[in-house]
Amino acid sequence: MKRELNLLISLSLSAAMLTSCGENKPDNTEVAGNTPAQTTTETSTSTDEEDSDDSDTTDQDFFSLQLEENSPKEIDIDSDGQMDEITFESNYLEDEDKYYYDIQIKDQTISVVDENTNPDIEFASAYYSQAEDGNYVIASLSGICCTYQTILYRWEDGELKEIDSLDGYNVYEFTDNNLLLGEVVDVFGTWITSNQFYYDKTGLWTAEKHPKITNPTGLELKQDITFYDESGEEPKSAKAGDKIYPCILGQNCIGFSDENDEFLGYLIYSSKEEDGIEVFYVDGVSEYDLFTNVAYAS
């Protein structure tokens with residue numbers, strides 16, 4: 001079926017993103033120093049159906065859990081002491097070769113993926129949280145061409161209401177009032193970035209301004225390069241043949257570290273379209289003339 005095929009494509013894409021650019025760096029780098037420019041990114045370990053941790057997380061009276069497809073859960077959605085049944089329902093429409101997803105709670109049905117959803121969306125997962133300031137459901141949508149969406153619902157006035165949505169971002173990890181969201185970014189290769197988000201009755205928000213790159217792989221330099229840093233220290237450099245590892249994403253810049261986890265600074269990039277493909281430049285030098293192993297997953 002189409003679902004199985006696209007899932008295989010999704011898993012292959014994830015593997016490609018983790019391995020296509022070179023050997024993986026053992027640990028993520030803790031970054032010091034300042035970024036060349038501030039960015040306000042609205043923003044994942046991936047939560048495809050096979051990778052999800054469906055265990056419940058309990059913290060006194062507050063807990064969170066993943067809602068498995070077509071498996072009713074007993075929760076107290078309105079905190080009245082009476083248990084309510086919630087179901088994350090998936091239905092396969094053979095004539096469309098597509099899955100639709102709904103959330104059913106009490107006498108209400110919320111359409112998560114239906115005929116009005118972006119046609120590139122193929123899969124969805126859902127989570128429930130009984131948090132300090134209310135009860136929430138989070139839906140994480142994913143599909144072809146790295147299409148992602150995160151939707152936040154809150155139980156208010158006797159019904160489940162959508163209060164916020166982020167296009168382009170997927171749920172990697174989920175706990176009480178806490179989400180690790182991320183997206184796929186294509187600059188000097190394909191990278192998965194992550195950003196810590198929180199949620200409350202006002203919606204989704206983050207205090208982090210610079211997403212971290214979660215799958216750093218070594219880019220081998222073809223020529224010497226000097227990095228930019230606003231810390232006031234002497235700029236660091238790397239030589240042709242060195243491997244450098246992307247670790248943080250800024251506005252029109254990427255922060256790099258060396259093989260010993262020492263933060264080097266930032267490369268500021270620009271881009272232009274060439275033969276229908278976006279090509280990135282650093283100080284007028286093409287990414288393909290700067291690195292020996294630029295590779296994109298899509």
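Is Asp 78 buried, exposed or partly exposed, and what is its relative accessible area? Select Asp 78: this residue is partly exposed, with a relative accessible area of 26% (buried means under 20%, exposed over 50%, partly exposed in between, with a 1.4 Å probe and protein chains only).

The model is predicted, so local features need pLDDT of at least 70 and side-chain atom pairs count only at pLDDT 80 or more, while totals for chains, interfaces and linings use all residues. Residues are numbered from 1 along each chain as its sequence is written, and side-chain values use heavy atoms, leaving out hydrogens and water.

Asp 78 lies in the loop between strands S3 (73-75) and S4 (84-93) and Lys 106 in the loop between S5 and S6, so the pair ties together parts that are 28 residues apart in sequence. Strands here are DSSP runs (E, at least two residues), numbered from the N terminus. Select Asp 84 as well: a network of salt bridges links Asp 78, Asp 84 and Lys 106. Lys 106 has a positive phi, near 50°.

Proceed to Asp 157, in the loop between strand S9 (147-156) and strand S10 (159-167). Its phi is also positive, near 50°, and Asp 157 is exposed at 71% relative accessibility. A salt bridge joins Asp 157 to Lys 161 (3.2 Å, N to O).

Finally, select Arg 154, buried at 13%, whose side chain meets that of Glu 156 in a salt bridge.

Note on methods:
Helix = DSSP H or I, 4+ residues; strand = E, 2+ residues; numbered from the N terminus. Salt bridge = Lys/Arg side-chain N within 4 Å of Asp/Glu carboxyl O.
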